[in-house]
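Please look through the model below before reading on.

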Amino acid sequence: LQPKVSVIIPHHNNFSILNECLQSLQKSNFQNIEIIVVDNYSTDGSIEKIRQKHNNLIIQKSDINLGYAGGCNLGSEIASGDYLLFLNNDTTHESNFIDDIANP
C-alpha cells in the first residue's frame, strides 16, 4: 500500500510557472497524492486560470501574502497525507521523483 503524499505549493501570481509545475506533477507515476495550492493573495487571476485547467487540486486561499513558509504552514494544516512534500511553484519534476522519495 502506497503512503499518501500531500504536495503543498505556495503560490503568488504568475500562472505560467504554476501551470508548468502542475503539468509535471500530473505525469507522476505515484498515484496516491493530493495537491494543495496555497494562494498567497494572488491578484493576477492566476488561481482562476489554474482552477479552469486543473480539477484535481485543493486550493487554499489566504487573505494576505504569507510568504513561502507561511504558505507551507497553511497548506500543512489541511493536508491529509502521511508525508508532506513542499514545492516551489516554479519547479518541474520527473515522473518518478515522488515514487523515489516515498518508496525508498
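What follows is a set of questions and answers on this model.

This is a predicted model, in which local features need pLDDT of at least 70 and side-chain atom pairs count only at pLDDT 80 or more, while totals for chains, interfaces and linings use all residues. Residues are numbered from 1 along each chain as its sequence is written, and side-chain values use heavy atoms, with hydrogens and water left out.

Q: In what sense do strand 1 and strand 2 pair, and over how many bridges?
A: Helices (H or I, at least four residues) and strands (E, at least two) are DSSP runs, numbered from the N terminus, and two strands pair if DSSP finds at least two bridges between them. Strand 1 covers residues 5–11. Strand 1 and strand 2 pair in the parallel sense, over seven bridges.

Q: Which residue in strand 3 stands opposite Ile35?
A: Strand 3 covers residues 57–61 and pairs with strand 2 in the parallel sense over five bridges. The residue in strand 3 that stands opposite Ile35 is Leu57.

Q: Which hand does the β-α-β unit of strand 2, helix 2 and strand 3 have?
A: A crossover is right-handed if, with the strands pointing away from the viewer, the path from the first strand over the helix to the second runs clockwise. Strand 1, helix 1 (residues 15–26) and strand 2 make a unit of this right-handed kind. For strand 2, helix 2 (residues 46–53) and strand 3, the β-α-β unit is right-handed.

Q: How many of the seven residues of strand 2 are buried?
A: Buried means under 20% relative accessible area, exposed over 50%, and partly exposed in between (1.4 Å probe, protein chains only). Strand 2 spans residues 33–39 and is largely enclosed by the rest of the structure, because the buried residues number six of the seven.

Q: How far apart are the closest N and O atoms of Asp39 and Lys61?
A: Asp39 and Lys61 form a salt bridge; the pair links distant parts of the chain, with Asp39 in strand 2 and Lys61 in strand 3, 22 residues apart. Asp39 counts as buried at 2% relative accessibility, while Lys61 is partly exposed at 43%. The closest N and O atoms are separated by 2.8 Å.

Q: What distance separates the C-alpha atoms of Ile47 and Lys61?
A: Ile47 lies in helix 2 and counts as buried at 1% relative accessibility. Leaving aside residues up to four places away in sequence, Ile47 touches His11, Val37, Asp39, Ser42 and Ile59 (contact means heavy atoms within 4.5 Å). Ile47 and Lys61 are 14 residues apart along the chain, and their C-alpha atoms are separated by 9.4 Å.

Q: How far apart in space are Ile8 and Gly75, C-alpha to C-alpha?
A: Ile8 has its place in strand 1 and is buried, with a relative accessible area of 0%. Beyond four places in sequence, the residues that Ile8 touches include Ile36, Val38, Gly75 and Leu85. Ile8 and Gly75 are 67 residues apart in sequence, yet their C-alpha to C-alpha distance is 5.9 Å.

Q: What is the phi of Tyr41?
A: Tyr41 sits in the loop between strand 2 and helix 2 and is partly exposed at 45% relative accessibility. Asn14, in the loop between strand 1 and helix 1, is not a glycine and has a positive phi of about 85°. Tyr41 is not a glycine either, and its phi is positive, at about 60°.

How values were computed:
Salt bridge = Lys/Arg side-chain N within 4 Å of Asp/Glu carboxyl O.
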